Amino acid sequence: MNKQVQTPEPSGNRIDESAERIKQATSNVVESTKEAVDRAADHVEEGLHHATDKAANAANRATDKAAEISERGREVYDETMDRADAWLEQAREYVREKPVQSVAIALGAGWLLGRILRR
């Protein structure tokens, strides 16, 4: 009887093959994890750039609006001062032209104001 005897594979070869498969699987997982982290980092970076751009645009609009309001405030102030100067000049002119009437009006206004404030 001729029996063929199978010789078992040395266990060292199987361990080496298993180790190689584990090493390859680990490398694949590490590579895919790196790619996923890179994609996530890119996504976060894009989001930060977008948020920064929006914040900068909002700040620029607010600055422009503040400058516009400030300019309008200066214009209104200047107009008011011009009107006040014009009224003061008219009052001075009236007093120069009609001094007696001006004194009589001032006395009457003072008397009337005194009566109102006493009540």
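**Salt bridges and their setting**

Reply: The structure holds four salt bridges. The model is a predicted one, and three of these pairs are described here in turn.

One of the bridges joins the side chains of K65 and E68, with 3.7 Å from N to O. K65 and E68 are three residues apart in helix α1, so about one helical turn separates them. K65 is partly exposed, because its relative accessibility of 46% lies between the 20% and 50% cut-offs.

Another bridge links R72 to E75, and their closest N and O atoms are 3.3 Å apart. R72 counts as partly exposed at 44% relative accessibility, and E75 counts as partly exposed at 34%.

A further bridge is formed by E89 and R96, whose closest N and O atoms lie 3.9 Å apart. E89 has a relative accessibility of 38% and is therefore partly exposed. R96 has a relative accessible area of 59%, so R96 is exposed.

Helix α1 covers residues 11-97, and V95 belongs to it. V95 is partly exposed, at 43% relative accessibility. Together with Y94 and I105, V95 makes a nonpolar surface patch of about 260 Å².

Helix α2 runs over residues 99-118 and includes S102. Apart from neighbours within four places in sequence, S102 is in contact with Y94 and V95. S102 has a relative accessible area of 13%, which is under 20%, so S102 counts as buried. Burial can also be given for the chain as a whole: 1% of its 119 residues count as buried.

The last step is the overall form. The secondary structure of the protein chain amounts to two helices and zero strands. Along its principal axes, the C-alpha trace spans about 155 × 35 × 15 Å. The radius of gyration of the chain is 47 Å, whereas a compact globule of 119 residues would have one near 14 Å. The chain exposes about 11100 Å², and 59% of that area is supplied by carbon and sulfur atoms.

Methods
Residues are numbered from 1 along each chain as its sequence is written. This is a predicted model: local features need pLDDT of at least 70, side-chain atom pairs count only at pLDDT 80 or more; totals for chains, interfaces and linings use all residues. Side-chain values use heavy atoms; hydrogens and water are left out. Helices (H or I, at least four residues) and strands (E, at least two) are DSSP runs, numbered from the N terminus. Buried means under 20% relative accessible area, exposed over 50%, partly exposed in between (1.4 Å probe, protein chains only). Contact means heavy atoms within 4.5 Å. Patches are made of residues with over 30% relative accessible area and no salt bridge: like charges are joined within 9 Å, nonpolar side chains (Val, Leu, Ile, Met, Phe, Trp, Tyr) within 5 Å. Accessible areas come from the Shrake-Rupley method with a 1.4 Å probe; for residues, only the protein chains shown count as cover. The radius of gyration is taken over C-alpha atoms; the globule rule is 2.2 Å times the number of residues to the power 0.38.
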